[in-house]
Amino acid sequence: MNIKEALEIKDSFMAGEYDVAVVGAGHAGCEAAHACAKLGLKTVLFTLYLDSIANLPCNPSIGGTAKGQLVREIDALGGIMGKIADECAIQMRMLNRSKGPAVYSPRAQMDRHRYSDVMKCYLEKVENLDIRQAHITDLLTEDGSVTGVMTESRAVYGAKAVVICSGTYMESRTIRGGVICESGPDGLPRSVGLSASLEAAGIPILRFKTGTPVRVNSSKLDFDQMTRQDGEYDIPPFSYDNEMHGKTVPEDQVPCWSVWTTPDTREVITENMDRSPLYSGVITGIGPRYCPSIEDKFMRFKDKDRHQIFVEPMGRQTNEMYLQGFSTSLPEDVQVKMVRSLPGLSEAVIQRSAYAIEYDLVDPLSLTPALESKVVNGLFTAGQINGSSGYEEAAGQGIIAGINAGLKVLGREPVILDRSQAYIGVLVDDLVTKGTSEPYRMMTSRAEYRLFLRQDNADTRLTPVGHDIGLIDDERFSLFEEKMRMIDEETERLKSTYIGPSDTLKEILESVGSVLPPSGISLADLLKRPKVTYELIEGVDKDRKPLPLYVTRAAETDIKYEGYLKLEKEKIEKFSELESKRLPEDTDYEKIEGLRLEARQKLNRLRPINVGQASRISGVSPADISVLLVYLEMRKREEK
Amino acid sequence: MPGTFCACSTPMGQSGIAVIRISGDMSGTGLDDCFKIIRTAGSAKVISQMEGYTAALADFIDPSDGSVIDRVVVTRFTAPHSYTGEDMTEISCHGGNAVKQEIFRVLFEKGIRPAEPGEFTKTAFVNGKLALSEAEAVMNVIKSESSGALKVSNSQVFGKLNSELSEVEETLYKAMSLIEMIVEFPEHDDTPVNTDRVREMISSAIDVLIPLKESYAQGRLLADRLRVALAGKPNSGKSTLLNRLTGFDRAIVTDIPGTTRDTLDQDIDIEGIPVRITDTAGIRETDDAIEAMGVERARSSIREADLCLFLVSPEDPEDEVISQLSLIRSGEADIPVVLVFTKSDVGINPSYEKIAASAKALGIEKSMIISALSDEGIDLIRKEILSFYDSLGSTSSTVVISGRHAGLIGLAADKLMEAGSALDDGLGEDIASSVIRSALDDIGAITGKTVSSELVNTIFSDFCIGK
C-alpha cells in the first residue's frame, strides 16, 4: 500500500511527516529513536502502550556474560541503555572475575518499573523526538521504498525511513498448558496486521517461541533456606561517561538468592508432562536451546537430578520476586505446585504466572549488515524481530539500525561494525550472514577476537566511531582522549621504570610463589608474571601517582596480556583484509566461471557486501573465495 | 591473506638442488640472523641489505644455536619486482630431505607459515604480476585443483590423518566447551570449574599431534618413494604413455626401437598425488654400448620402483614378452607388476590371452588394454597408480606426507602447550580458550572442518605448492 491508497481508506488522515519513524519502544526502538533524533532528524517513536516503554518483561537485570560487553559498547557509541541502567541498578556484580579480563562481564539487577519510567522521562526530553502511543498496522511503500506507516486508527505518517522494532509482539500468543491467549508479553496488547503487511511487501516471515518464568510475592518466602548473594561495590558503572565523571555504583544494594530444585519438583513436572504444550504439539515455534524451560531441563538432562533457581528482586519497593531458571509453559495449577516444591517457597504466592510466547519475525538473512531490508529500501529492523533474544542484543541492533536509518536520510554511508570491532558487529554479522534457527543470544564464545573485545575497552574501540557519527559530543570525546593519554603514559612509565632486587620485592614475589630476579627488572616485566598485580607491586613502585582505576586497570591489562593481544591483532589484520574487499552490488555470481553451483546460488541470494562476509556464508568454500578475489582483481583491471 | 609464507618450489623428493621460496614482509630483515653471507656482489652484510635481483653465497644458520645447516645460494627480490609482487627471498639449497626439513623448521620457528597451496600464483595475480588474460585460467585452476585436493583428502593416507585429527578436534572442542560453559554461565554452581579435565584433554591432544608432526620425516619418504617404472620391449609405447600422463612431450617418440637410451624421470601429479614416473629404455640384448648402459639403468630403475607397468604392444612376439616378464620377476620379485597392452588403436593381438595366462603363473594378475594415442585406458592407468598409493597408506600407520600439514600440526601442538601453561600459570580461562581456538584453526586448515573466516585461501592441491 502506498500513501495515496492509504489516504483513500475511510476515516484515514495525514497525521504527520517525519524523517524517521520508529515502530516499537522497547530496548531496540528506544536506542534507534534516540540515535536518529541526536543526528538532528525529525523522529517519531510509536509504542503500543506508553507506560511500557523499555519494559523488562523477563528477567529484571541488564548485562551478564557478553551482554554486559554489549551494554558498554552501546554506551561507547553514544547510546542510552548504560546510563539508564546505572541509574536504576539495585545490585551490580562483575561476573567471571577469576577467569580473565576478556570475559569479565558486568551485570546489574534493575528496579524494573523505574527503568521503564526513567527511560520514558528521558526520551520525552530529547530534542527532535516525538513519542506517540499508536498501533501500527501497515507499512506504506512506493516503488520498493518505504514512504510511511499507518495506525489502526487510520492515522497516516509519512517517513523517509522506518525502523521496526516489534519485539515479540507481532501476531503473538501466550501459552500456559492448553490455554492460549492472543496477547503480547506481560498481558500487553499485541501487534496485529503489521506482519501481514511486511509479508505482502515480500519480506520473509518466520515464527519463534520464547518464555518467561513465574513471579512471586516475597512476603511468604523463607530466605533462611536460600543462599544469599550480595552485590559488589568495586566495579565501574556501565556508562563510560559516568565512570569518567567519577560516579560509582549504588551503595545500598539489594541481595539476590538461590535455591536448588527438589525431588518433589521433578515429580510434579514428570507427572504433568502430558499437559505441556511443547510435548503435546500446541507450540510449533522454535525455542532457544540456551534458556530451556524447567521441564525441558528435566527431560533433556536426565542425569541431573536438580537444577539451580535464582530468586531476584524486581525493585526496591515492590515485593515481587523473579524466579530465574524457572521458565515453563505448563498450566497454571501445575506452576503453583512446582513453585511450592522449592526450598523456602513452600508457601509462595504467585503474582504472575509463567508462559511461553510465540511471535512473528523477519528472516534476518533478508537484511544487509546495516540492518536495512534487501527487499524494501529504507526499511530497517532491530531486536527480536531479527531473531535475537535479550534486551542488550536488541539495544545493540537498535542503535545500529537507528544510526543507519538516520545516515541514509542524511545521504551518508552506513556504519557497519565488523567482528573484530565489537560484539555488536559479531551479533549483526551472525544474524544477517548465517541466519538463525532459534532466538539468538549473544555469548562471548561467539566472538573470535574476544581478548580484544573486552568490557573495559569498548570506548577505545567505539567512542571514536560514535564521535564521527555525531552521537558523542566534543566534551565527552575530549574526556575520552584524556583517558587514552593517561593510559598510554602509565603504560610507558611501567615499561621504562626499572627496580633493583630488594627485600620488599622478594617478599612481594614470594607471596605469589614467584622468585626474585637477579638484577633490575621493569615494572612491566613484573606485571607479566603470573599472579603479580598492579596493587601487589605498589610497595616497590615509588613514583606511582594516584590515577583513576580505569587507567591503571587498562595499563595493567595491556601489559599483562601484551603477547596474546599482539597475536590477536595479527589475526584481526588477516581478517580485515578480506573485510575490506567490497563486492560490487551489480555482481552477477551466476556468470563467474570458477564458482561452484551452490556458491553461485547462495551468493546471488544473500548478496554479501564484502569477501569476508561471503566467506562466512555456509556453502561457500575457501576455493570460491579465491575465485572471488581473482574476479575482483579482474574487474578492477577491466575498469581501468 | 597477509603474513609471510614459504614453500619448496622444486619437485618433492631427492634432487640435486632444491629451491625454497619465501614471500612477504618477513622475508628480509626477519631472516637476517639465518644467513651468514660469505660472498656477494655488493657490500651487503645481511640479506636485507642486498639489492633486488642479487645473489649471495651464504651459510644457512639455525639462529637458536648458531649451527650451520647448509651452504646455500640466496637470491633477493624486492617488492614490487618479484614473482608475487612482495618482498621475496629464494634459497637454493642442497636437495636432500634432511636439509630442506631443517630449513623449514627454522622458517616455521621464525613465524613464517607454510604457503597455502597455490598461494604464490594467486598472490602474483592479485598483485598485478600476471596478465588480465590469465584471470580466467587462474580461476579455473583454483576450481579444478580444489576438486583435486578434495580427491586427495579422500585417499586413504589423508583419510587416516583426517580421522586422527578429527578426534583431536573433538577432544579440543570438548575442552573448550568445558571452559566456555563456566565462562558463559558463571553464576550457576552446577557447572564447577574443572581445569584438570581441560588440562588432561589438552595433553591427550598434544600426545596425538607431536607424533604426527614427527611422522613427516617418514611420510616425506613415503611420498617420495612412489615410483612407477615403465618397462617393456623397445617401442612398446612407454614414451608415448609417459607423454600422455605428463601432458607434454618429454620423451622423444619415434617409431625406431631404442629411441629412449637412458632412463627418464618425470615428476607428475595424479589427482594431487606426487608420482615419479621412470621411463626405462627397453630391455633387450644389444651390441650398442650406450644402449647397453641404458638397459642396465632400466633394470636398476625397476628394482627401485614401487610399481612396474610392463607395456606390451601388438607387435611384440609372445615368447619374448614372456621371457622378459620372467626376467623381471626373477630379478625383482617383490615389485608389483601390471601388464599394459598398448596401441589398442593398432590392433589387439590374439596372443594377449596367452601372455596374460603366463603372467598369472608368474604372479602378475593385473592387466589392462590402452591406447595412448586415443587416450583409451589412460584413466585406468591413473586409477591403478592411485589405488596402489592407497594401499601404501593402508599398510603403514598414519603419517603426514605434506610439509604444509606437518607445519600446521606443529603450530597447533605449540599453541596447545602454551594453552596448558596459561592454565597452569593461572593466566585465566580467556587466554587458554583463545589459544585453543587458534590451534583448532590450524587443524581446521587441514581437515576443513572449522570454516573460520581467516581460512581465506583455497585448499589447492599439494602439488602446485610454491609454483
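Mentor: Strand β5 (residues 67-77) and strand β6 (residues 88-94) of chain B run antiparallel and are joined by five bridges. The model is predicted, so local features need pLDDT of at least 70 and side-chain atom pairs pLDDT 80 or more, while totals for chains, interfaces and linings use all residues. Residues are numbered from 1 along each chain as its sequence is written, with chains lettered from A and ligands numbered from 1 in the order in which they are written.

Trainee: Why do β5(B) and β6(B) count as a pair?

Mentor: Two strands pair if DSSP finds at least two bridges between them; β5(B) and β6(B) have five. One of these bridges has B:Phe77 with B:Met88 as its partner in β6(B). The strands themselves are DSSP runs of E with at least two residues, helices are runs of H or I with at least four, and both are numbered from the N terminus.

Trainee: Which sheet holds β5(B) and β6(B)?

Mentor: An open one of seven strands in chain B, ordered β3-β4-β5-β6-β2-β1-β7, with mixed pairing.

Trainee: What makes β3 and β7 of chain B edge strands?

Mentor: Each of them, β3 (35-40) and β7 (113-114), pairs on one side only.

Trainee: What holds paired strands together in general?

Mentor: Backbone hydrogen bonds, in a parallel or an antiparallel arrangement.

Trainee: Which strands pair with β12 (residues 205-217) of chain A, and over how many bridges?

Mentor: β12(A) is antiparallel to β18 (residues 355-362) of chain A over eight bridges, with A:Thr210 opposite A:Ile357. Four bridges join β12(A) to β16 (residues 320-327) of chain A, also antiparallel, and there A:Arg215 stands opposite A:Tyr322. Three bridges, again antiparallel, link β12(A) to β17 (residues 349-352) of chain A, where A:Arg352 is the bridge partner of A:Arg215.

Trainee: What is the strand order of the three-strand open sheet in chain A?

Mentor: The order is β3-β5-β4, with antiparallel pairing. Its edge strands are β3 (61-63) and β4 (89-95) of chain A, and the twist averages 20° from one strand to the next. Between β3(A) and β5 (residues 105-110) of chain A there are three bridges, and A:Gly63 stands opposite A:Arg107.

Trainee: Why are helices α22(A) and α2(B) called roughly parallel?

Mentor: Axes are lines fitted to C-alpha atoms, for helices over the stretch in contact, and angles run from 0 to 180 degrees between N-to-C directions. Angles under 35 degrees count as roughly parallel, over 145 as roughly antiparallel, 65 to 115 as roughly perpendicular and the rest as oblique. α22 (residues 622-639) of chain A and α2 (residues 119-126) of chain B pack at about 25°, with axes 9 Å apart, so they are roughly parallel.

Trainee: Which residues meet there?

Mentor: A:Ser626, A:Leu629, A:Val630 and A:Glu633 meet B:Lys122, B:Phe125 and B:Val126, contact being C-beta atoms, placed from the backbone, within 7 Å.

Trainee: What angle do α15(A) and α18(A) make?

Mentor: α15 (residues 474-496) and α18 (residues 549-560) of chain A cross at roughly 50°, their axes coming within 9 Å, and they are therefore oblique. This contact has eight nonpolar, two polar and three charged residues.

Trainee: How do you know that B:Ile182 is buried?

Mentor: A residue is buried if 20 or more other C-beta atoms, placed from the backbone, lie within 10 Å of its own, exposed if 12 or fewer, and partly exposed in between. B:Ile182 has 21, so it is buried. B:Ile182 lies in α4 (residues 156-184) of chain B, and its C-alpha atom is 51 Å from that of B:Phe77.

Trainee: Why does B:Thr280 count as buried?

Mentor: B:Thr280 has 24 C-beta neighbours inside 10 Å, so it counts as buried, and it sits in the loop between β10 (273-279) and α8 (289-304) of chain B. B:Thr280 and B:Gly232 are 48 residues apart in sequence, yet their C-alpha atoms are 8.3 Å apart. Of the 467 residues of chain B, 48% are buried.

Definitions and conventions. Contact = placed C-beta atoms within 7 Å. Nonpolar A, V, L, I, M, F, W, Y, C, P; charged D, E, K, R; others polar.
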